Amino acid sequence: MTFLYLLAIFILSCFIGYFVVRGVTPALHSPLMSVSNAISGIVIIGALLTASYVRVPMAEFLSLAAIFLAAVNVFGGFAVSQRMLSLFKKREKK
Amino acid sequence: MMQGEELFLLYLAAGCLFILAIRGLASPQTARSGNVLGIIGMALSVGATVWFLPLFHYGAVLAAICAGGIVGTISALKVKMTALPQMIAAFNGLGGLASALIGLAEILQATSYGFEASVGLVVGGLAFSGSLVAFAKLQGGLSSFGQFRYQNVFNGLITLALIGLWAVFLNGEGLAAAVWLLLVTLIWGAAVTLPVGGADMPIVIAILNACSGWAAAGIGFSLANTVLIMTGAIVGASGTILALIMTKAMNRSFREVLFKGGHAAGQSVITGQKSAKAGDPRDAAFILENAAKVIIVPGFGMAAAQAQYAVQAMAAILRDKYGVEVKFAIHPVAGRMPGHMNVLLAEADVSYDDVFELEDINREFATADAAYVIGANDITNPAAKTDKSSPLYGMPVLDVKKAKTVFFVKRSLNPGYSGADNPLFYADNTIMLYGDAKVVTEEVVQALEQS
């Protein structure tokens, strides 16, 4: 049952993702990629979970490495998105 | 290891915030607040996880987050906007590697069903090694290495090896098989990315972007974690849609991009006797200042020559001093990643309401007095509409030739990436401005200032 329930969440999320991304203006496709970079850093949660029930030292090392990598993604992704988006300006009316 | 109800609700809220973050990108006005919502969503999900979970080593976890945060923030603040594609490629790779490591950690601890964790392992590994190759290609000027003989045979064999190993792993062979599976996946990811040519890079980056999302979703299934599944699915869908938009804009298929590499160079038709008219920047300035409407068509060559500031200066002086209507036309595959040109123009202070996408501006070329094509070639090639033998046939192109006068800023008459000769060079209303994109445009600006 759990699997089917997760599958339902997955499939519905795919549809939401499809329609939301379709609505993104092509001018912002680069920031779209960096924002999705940032939020794909959500795997940090997975790494926190594997780090929380460590039984094997090697697994703890792998989890910490994954936390580090995902954190690079999260911080770097949001920072570069913010930088890019701050460049987009309207023309000042003279 | 089902998550509790409180955690479930917090994850749901975070998922909604991520959707709103992407929704914000529908327009430049809402994009920045969207990004902030994304940051809140991330803080919420990490905070909730740490709050509800018994972590063993808070110190080590905190150190890893801080170290990653510092590395990520510094590289994001230092990267040049022309080098964005490399950075996105690198981030895709890191995300993929993170998923692969988590998958390995799960298999080590035997906490998850094999299949779900192995999805994270394989898709994440693919995103990592593929991105590594993409990064090297983008960084190293793209054509330094690429195809080798029997590549398709090699790729076929390695794909078979991957499928075989995966089957062995799923049969319950455990850790050793998982490590081998990861190794073969890494080779496989590099092998399929190697033959991809420069102009196909936007597609590859989008596919790798999608992979980093699908990998996260796979990890989500193996850990029964809802926020990972939601977010992974959204990122996966995003990258997949971008890749589809790009392939459509180039009239290519995934199969062609991945297996054929660049278009065969032999297809280029060098027709010796046709002559192209050359002009100098002063002539160009004279025609441009007397125009009512000018459309500028930038390509990656503009970014490579760092000419975007000169182009903006030219647009500004035409608009302010001569009252010319100036617009920018962007082809979906101009640049090295989706939307790259828009960011580069925005950085040079071109306001976004002067920048138009292909379908919004294509009709206006007929009413434009001049088109100024800088660092672009294939995306203006009229043969894509008329010549069935052209490698570009079927690709949507900018109707530059309909403008009264067309200026091409180019170093030579060499064909573009597709290898197809551009008949527009020899058209009666085309004037070639030979030289470096930046130097030529600066000379035009000078002439405009003087007269």
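Start by selecting Ala224(B), in the loop between helix 7 (201–223) and helix 8 of chain B; helices here are DSSP runs of H or I with at least four residues, strands are E runs of at least two, and both are numbered from the N terminus. This is a predicted model, where local features need pLDDT of at least 70 and side-chain atom pairs count only at pLDDT 80 or more, while totals for chains, interfaces and linings use all residues. Residues are numbered from 1 along each chain as its sequence is written, chains are lettered from A and ligands numbered from 1 in the order written, and side-chain values use heavy atoms, leaving out hydrogens and water.

Now check the backbone of Ala224(B): phi is positive, about 50°, although the residue is not a glycine. Most residues other than glycine have a negative phi. Ala224(B) is also buried, with a relative accessible area of 12% (buried means under 20%, exposed over 50%, partly exposed in between, using a 1.4 Å probe and protein chains only).

Step back into helix 7 of chain B and pick Ser222(B). Ser222(B) is buried at 7% relative accessible area. Show side chains, and you'll find a polar contact of 2.8 Å between Ser222(B) and Glu106(B). A polar contact is a pair of N or O atoms within 3.5 Å; within protein, one must be able to donate a hydrogen and the other to accept it, and residues adjacent in sequence count only if both atoms are side-chain atoms.

Go forward again to helix 8 of chain B, residues 226–250. At its start, a side-chain oxygen of Asn225(B) comes to within 3.2 Å of the backbone nitrogen of Val227(B). Just after the helix, Asn251(B) has a positive phi of about 55°.

How enclosed is helix 8 of chain B? Largely, because 21 of its 25 residues are buried.

Bring in helix 1 of chain A, residues 2–22: its axis and that of helix 8 of chain B come within 8 Å and cross at roughly 40°. Axes are lines fitted to C-alpha atoms, for helices over the stretch in contact, with angles from 0 to 180 degrees between N-to-C directions. That makes helix 1 of chain A oblique to helix 8 of chain B (under 35 degrees is roughly parallel, over 145 roughly antiparallel, 65 to 115 roughly perpendicular, and the rest oblique). Residues making the contact include Tyr5(A), Ile9(A), Ser13(A) and Gly17(A) from helix 1 of chain A, and Met230(B), Ala233(B), Ala237(B) and Ile241(B) from helix 8 of chain B; contact means heavy atoms within 4.5 Å.

Next, jump to Ser118(B) in helix 5 (residues 114–139) of chain B. Ser118(B) is buried, at 0% relative accessible area. Its side chain reaches the backbone oxygen of Phe115(B) at 2.7 Å, and a polar contact of 2.9 Å joins the side chains of Ser118(B) and Trp166(B). Leaving aside neighbours within four places in sequence, Ser118(B) is in contact with Trp166(B), Phe169(B), Leu170(B) and Leu181(B).

Last stop: Asp349(B), in the loop between helix 13 (340–347) and strand 3 (355–357) of chain B. Asp349(B) has a positive phi of about 75° although it is not a glycine, and at 49% relative accessibility it counts as partly exposed.

How values were computed
Expected span 1.5 Å × (residues − 1).
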